[in-house]
Amino acid sequence: MNLILILLTTTAILTFLSGLLSVTGAAKNDRGRIAWFFVSNLGAVIWAISCGYFLNLPPDATEIAPWFVRGIYIGAFVMLVPLIGFSGWKYRIGKVLTVLFIVASAVMSVLLIHDPSLLYSGIFLNNSGNRVELVTSGGWYYYAYAVIIALSVIVFNALTFYSARHARSKRLRNADYILLVGLSIAGVVSLVTNLIMPPSNYSLIWVGPLTLSVVMLTYFYAILKYRVVSVSTPLLKVLAYVVILTSGVVVYMLIFYLVFTALFKLPNPSASVLVLNFLMIVIVLLLMPVINEIMASINSMIQVGQVDIAYVIKKLNHLASRNVDLRDLAGFLADHLHFAYIGFIINGRLYGSKSLAMSPAELNSISHLKTNSRGVWQEPNKTVQKTFDELGLKAVAELRNAKGKTFGQLVVGKPLGKASFERRDLIQLEMIINLVATVIDSEKHLRA
């Protein structure tokens, strides 16, 4: 089994799973429309499998070869015609066009099954490459087939563009535009490799179905991203993750194949090279969550001029379910909010991002500052301000529990990379102080 057959088989399986997940997760009012997409996915599966296995049939497989040829051309009908229903069934003209194309493709399919000589005069299987001798001189079937395929692509694009322009929400519009652009590109590629070239060169018929399968998977990602379907159950979530992860492997292996054949002028890499590349990309994809987490942490720390609020909140939400060390939490906030110092004063004790010499009397005076009814920030009195000036502290805020009761304070040092404290710094810090208070197990520390 060569790489092309592996890629076609893999994308066919992924295309089927993406269609199944789409139908299962679609809302009731969208399920009928997504069902058309699922049927189209089944057609894409038939098309891809038929192309891949036909090109790899051994010379003695003459009995089964005609069925793969039928699968190639009937699969294209089953793939394209439901897309017209997917985009246009909710419109009267869309219903009419869908029915017309269903009837036309059904008649063409029955004729092909009954009399294959309408399409081809012979099937040649040999080690130099399998091919079909298409009837293009004096025959009508192949030209009618090409016209129906080309018209179905044009009609689908027109209906999808109209549907996108009149979509009831932005998320549906964006998903439709992605499908429109993707299938337009796949349509041009398939026009060249599956309609124009086959009479003289049959070796590239795999390019069209592979391109289309990638587009189908891209659209599946789009409808997940824009919440067209909802993947709610654990099984569906696992399957969706597997589909997206494996799609990344397919794209990588396809790029590897193109680069390999361009550099080394060989039709197929060896099995050991394929296995090595497959294992490497799987390892990289499995490590992607760890890599992304490390890169996000590094970016959050080195971008001193701005705070990655989304990353900080994400980490605090994660810490909320654990018993966190207050010194570690203070250190994390100091690093990612870019302050020279952050500390918590709870029960007369200071938990800071670094060691800071503060006497019990100084801690007590800070703890007894007046409450600010307009917010969490407190106004230091003269005694506390003197302590702050000596220690390089700039602000203090209350930590309140879910009932609004103050159980501690947060003290802040100088912002890094700035000569003075800006109001924006206080606003950014205030956004997460309440979340920080929920992370801290206040009752535990109050009992300590």
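This is a predicted model: local features need pLDDT of at least 70, side-chain atom pairs count only at pLDDT 80 or more; totals for chains, interfaces and linings use all residues.

User: Is His-338 buried or exposed?
Analyst: His-338 sits in the loop between α11 (326-337) and β3 (342-346). Its phi is near 65°, a positive value in a residue other than glycine. Most residues other than glycine have a negative phi. The relative accessibility of His-338 is 3%, and the cut-off for buried is under 20%, so His-338 counts as buried.

User: Which class of accessibility does Asn-347 fall in?
Analyst: Asn-347 lies in the loop between β3 and β4 (349-352). Phi is positive here too, near 55°. Relative accessibility is 38%, between the 20% and 50% cut-offs, so Asn-347 counts as partly exposed.

User: How are α6 and α7 oriented to each other?
Analyst: Helix α6 covers residues 170-196 and helix α7 covers residues 207-225. Their axes come within 8 Å and cross at roughly 175°. Angles over 145 degrees count as roughly antiparallel. Therefore α6 and α7 are roughly antiparallel.

User: How many residues in the contact of α6 with α7 are nonpolar?
Analyst: The α6 side includes Ile-178, Leu-179, Leu-183 and Val-189. Among the α7 residues they meet as a group are Val-207, Leu-212, Val-215 and Ile-223. The contact also has seven polar residues and one charged. The nonpolar count is 13.

Terms used. Residues are numbered from 1 along each chain as its sequence is written. Side-chain values use heavy atoms; hydrogens and water are left out. Helices (H or I, at least four residues) and strands (E, at least two) are DSSP runs, numbered from the N terminus. Buried means under 20% relative accessible area, exposed over 50%, partly exposed in between (1.4 Å probe, protein chains only). Axes are lines fitted to C-alpha atoms, for helices over the stretch in contact, and angles run from 0 to 180 degrees between N-to-C directions. Angles under 35 degrees count as roughly parallel, over 145 as roughly antiparallel, 65 to 115 as roughly perpendicular and the rest as oblique. Contact means heavy atoms within 4.5 Å. Ala, Val, Leu, Ile, Met, Phe, Trp, Tyr, Cys and Pro count as nonpolar, Asp, Glu, Lys and Arg as charged, and the others, Gly among them, as polar.
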